[in-house]
Number of protein chains: 2
Amino acid sequence: MKLKKHEIDERLAKLSGWQHADDTIKKEFKLKDFSESMGFVVKIALEAERVQHHPDITIEYNRVKIVLTTHSEEGLTAKDFDLAEKIEKFIKA
Amino acid sequence: MKLKKHEIDERLAKLSGWQHADDTIKKEFKLKDFSESMGFVVKIALEAERVQHHPDITIEYNRVKIVLTTHSEEGLTAKDFDLAEKIEKFIKA
């Protein structure tokens, strides 16, 4: 279910460095090198398959850009924020 | 060593579907689903590490976009075309 504006604001406030734009939330992560970037992306990919919710992912050597939205709802849902929180855990792990 | 225009044209002619723009070559591949996209990307990533030449990679569910350039030469080199040819073999394998 598509989140309302105040729900988006609440969940966004719990995240660090994520930008809200055009029905998406996005963040660019800086890693050590390409190998670290890929390790991070593979963790995200496995979680994405587990929950069947797939972000757009861009790898530019040591930078990984993630864009989350829920296409079926044409907006942001809890799935996007749940996955964003998981992604933050991967980067801290 | 940066390739000359006629060398770029020669190597580009051997590839299918790659576009040459702004000192890069790029292609969008369409896969079956996210899992197939990730399998393809991991193959590319392992080869990129082996040859120490890293493309920009974007994964959007079943689409994988690859952009190749040689930053150190500020242009296209044989490395870019060698990797593009390998990538084509992965998609056919």
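1. Start with the charges. Between chain B and chain A there are zero salt bridges. A salt bridge here is a side-chain nitrogen of Lys or Arg within 4 Å of a carboxyl oxygen of Asp or Glu.

2. Know the ground rules. This is a predicted model: local features need pLDDT of at least 70, side-chain atom pairs count only at pLDDT 80 or more, and totals for chains, interfaces and linings use all residues. Residues are numbered from 1 along each chain as its sequence is written, chains are lettered from A and ligands numbered from 1 in the order in which they are written, and side-chain values use heavy atoms, with hydrogens and water left out.

3. Check the confidence. Chain A averages a pLDDT of 97, and 100% of its residues score at least 70. pLDDT is the predictor's confidence in each residue, from 0 to 100. For the complex, the predictor gives an ipTM of 0.96 and a pTM of 0.96.

4. Look at the interface. In chain B, 16 residues are in contact with 16 residues of chain A. Contact means heavy atoms within 4.5 Å. The buried area between the two chains is about 1300 Å², with 70% from carbon and sulfur atoms. Buried area is the accessible area (1.4 Å probe) that two parts lose on being put together, summed over both. Phe34(B), Ile57(B) and Ile59(B) supply 34% of what chain B buries against chain A, more than any other three residues.

5. Eight strands form an open sheet in the order 1(A)-2(A)-4(A)-3(A)-3(B)-4(B)-2(B)-1(B), with antiparallel pairing. Strand 1 (19-21) of chain A and strand 1 (19-21) of chain B stand at the edges, each with a single partner strand, so one side of each has no neighbour in the sheet. Strands are DSSP runs (E, at least two residues), numbered from the N terminus. They pair if DSSP finds at least two bridges between them.

6. Zoom in on one pair. Five bridges join strand 3 (residues 56-60) of chain B to strand 4 (residues 63-68) of chain B. Thr58(B) stands opposite Lys65(B) in strand 4 of chain B.

Technical notes
Helices (H or I, at least four residues) and strands (E, at least two) are DSSP runs, numbered from the N terminus.
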